[in-house]
Amino acid sequence: MKNEAKHIEAYYDVAVVGAGHAGIEAALASARLGLKTVVFTVSVDSIGLMPCNPNIGGTSKGHLVCELDALGGEMGRCIDEVYIQSKMLNKSKGPAVHSLRAQADKQAYIARMRHTLENTPGLDIKQAEVAELLVEDGGTASGAEEKIGAAEAFSEERTSGLGLCDEAEKKAGQHSLSSSASGDGPARKRIAGVKTTSGAVYHARKVVLCTGVYLNARCIYGEVSEYTGPNGLRAANKLTASLIENGIAVRRFKTGTPARVDKRSIDFSEMEEQLGDDFIRPFSFSNEPEDIWKEQVSCWLTYTNAKTHEIIRDNIDRSPLFSGDIKGTGPRYCPSIEDKVMKFPDKERHQIFVEPEGLYTNEMYLSGMSSSLPEDVQEAMIRTMPGFHHAHIVRNAYAIEYDCIDATILKPSLEFKEIEGLYAAGQINGSSGYEEAAVQGFMAGVNASLSALGREEVVIDRSQGYIGVLIDDLVTKESFEPYRMMTSRAEYRLLLRQDNADLRLREIGHDIGLVSDEEFERFKEKCVQIEAEIERMRRTVAGSNERINAFLRRHGSAELPDSKGVSFAELIKRPELNYELLSEIDEERPELSWRVREQVNIEIKYEGYIRRQRQQVQQFKKLEGKRIPKDIDYGKLKGLRLEAQQKLSRIRPENIGQAGRISGVSPADISVLLIYLEQMKG
């Protein structure tokens with residue numbers, strides 16, 4: 001007689017599906033907040049994988065990484081350790097668009113992140129494919145009893161003393177259920193855990209989906225089509241069916257990556273060398289430049305030409321992007337090289353940045369040349385560029401299609417509106433990029449954990465950070481292509497600079513519990529120093545004398561009239577001058593860190609613009625504060641256009657500000673809503 005099949009059964013507070021950039025931040029946030037956490041990955045070797053570009057940061061993305069660090073995330077600390085070149089972009093422009101970008105050693109990044117996860121207390125790693133969501137009806141008394149019973153089971157399972165204590169678990173279970181049965185609307189479904197392809201069941205009070213580009217992934221170049229994830233890793237082919245069974249509609253998006261070329265086959269003498277900055281600015285507010293300084297490696301710049309474009313045009317019928325074989329929607333702001341050539345026929349050349357993938361590999365990444373053209377065409381077109389006449393391709397470029405969701409079915413906390421306890425983060429939400437994924441993973445992991453602990457969830461709004469802009473855009477505005485963060489998307493970008501991310505978000509990180517008391521004390525001291533120095537600059541007066549006027553002449557600034565003095569703050573506001581230059585005539589200047597000096601200069605120099613934007617934020621806050629009842633029936637509101645009724649009913653915004661950002665909702669529709677809210681008060 002055969003033994004009956006048995007399956008693994010385990011209990012966790014939080015289960016994270018996927019260990020890419022989103023999954024890493026979600027899992028770390030959960031475990032660091034004291035919850036017993038498991039993170040699933042199709043391959044432990046792919047934790048922190050960088051399947052595309054070998055860099056972190058860049059325009060607007062650098063802002064996200066700094067904000068993530070200010071809140072207590074991991075990405076900034078990791079890249080500070082493993083970077084091989086660092087550069088501040090847009091330095092010729094104003095500080096609002098300055099963006100830090102660092103080339104990464106890909107393998108070192110993976111090793112560092114894996115080491116961090118493996119050594120985080122309360123966090124288990126499991127190599128397995130999640131095939132099914134375990135969902136049950138929520139909001140019943142019997143459900144509450146089951147939840148408390150499960151909480152007690154969690155306690156019995158633990159041997160490490162981590163996770164919620166018995167009483168806290170029971171309270172969290174009761175709190176979670178009371179919210180779904182409190183009359184806020186019809187009872188939702190509730191997540192209960194996940195099941196893997198082996199049949200193992202992992203009960204979990206919260207689940208965070210961070211599946212990246214792995215759901216039904218298909219890699220394509222030319223006539224080659226393979227159902228694999230990036231870099232030939234296994235795709236996740238089971239979970240999509242479970243999403244659909246639970247009423248979650250999926251869509252198909254596409255992204256791509258360039259070829260990698262053997263460094264030994266490249267002639268760098270035909271290219272323009274791109275050096276890193278002399279001053280190495282850390283991403284993490286916990287690091288100083290001297291802590292992370294190292295010798296940097298070079299990147300290189302080359303260009304496509306008429307011959308390159310001719311080869312692409314002659315073979316465009318073989319591109320699956322143009323033949324119709326690729327069905328997914330690709331990113332508008334990161335087009336393939338064939339897209340660029342066909343859409344911009346008058347452009348004679350396109351920049352191609354040649355970037356090393358690490359210190360211990362010869363692979364070079366061709367940034368700006370993603371493609372799905374056939375292998376022979378890729379080789380032919382690459383060999384037309386300066387420095388690449390004898391290029392040897394190590395890895396072909398390819399496009400990748402994958403399943404994702406329309407993120408408007410999520411709350412601003414990134415929890416599904418219809419399934420309590422289920423969250424989603426990263427490319428499953430229709431976004432693109434490592435940084436966009438990481439910040440979503442962090443926020444989803446934090447909110448899943450806070451909810452399990454019976455604490456209030458955290459939502460960063462559009463006036464507080466790029467994180468708020470990103471998530472608000474995803475859950476409010478319909479995206480029909482992969483979403484990429486850009487500085488132009490942020491209305492208050494003069495306030496949301498990367499240099500002041502800690503001033504905006506450090507306190508929130510401390511309140512969450514992911515910024516230590518020691519780090520927070522250092523932050524508070526920095527704030528005191530900034531305020532004191534700004535006040536000193538306003539009080540200190542430079543009189544009209546030969547020494548001061550000689551200083552002004554040297555720097556091309558107008559001399560002071562006879563017998564007239566002016567404050568140092570007024571001098572800083574002059575275009576030719578800044579806080580650092582004034583050190584020549586500032587005899588009482590205290591010893592201050594570079595971060596403090598930077599804030600003093602920016603706050604004074606752009607004082608008028610900053611004041612105006614803060615006034616705009618006050619108006620924004622008023623609209624965000626006008627809450628919309630959860631049970632409102634938009635179909636019964638007279639004066640609302642049909643399109644607005646449909647969009648508002650589907651997205652169900654939480655406040656007037658969010659409603660106004662929904663595509664298809666006009667200012668006239670907002671006026672109708674405001675009148676309705678006023679009538680409710682009466």
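Buried denotes a relative accessible area under 20%, exposed over 50% and partly exposed in between, with a 1.4 Å probe and protein chains only. The model shown is predicted, so local features need pLDDT of at least 70 and side-chain atom pairs count only at pLDDT 80 or more, whereas totals for chains, interfaces and linings use all residues. Residues are numbered from 1 along each chain as its sequence is written, and side-chain values use heavy atoms, leaving out hydrogens and water.

View A. Helices (H or I, at least four residues) and strands (E, at least two) are DSSP runs numbered from the N terminus. Eleven of the twelve residues of H1 are buried, so the helix is largely enclosed by the rest of the structure; among them are His21, Glu25 and Ser30. Just after H1, glycine 34 adopts a positive phi of about 90 degrees.

**View B. Valine 208 in strand E9 (residues 201-209).** Valine 208 is buried, its relative accessible area being 0%. Beyond its neighbours within four places in sequence, its contacts (heavy atoms within 4.5 Å) include Val14, Val16, Ala26, Tyr423 and Ala448. Alanine 425 lies 217 residues from valine 208 in sequence, yet their C-alpha atoms are 7.2 Å apart.

**View C. Packing of helix H9 (residues 306-314) on helix H12 (residues 375-382).** The two axes, which are lines fitted to C-alpha atoms over the stretch in contact, are 9 Å apart at an angle of about 165 degrees. Thr308, Ile311 and Ile312 of H9 meet Val377, Ala380 and Met381 of H12.

Terms used
Axes are lines fitted to C-alpha atoms, for helices over the stretch in contact, and angles run from 0 to 180 degrees between N-to-C directions.
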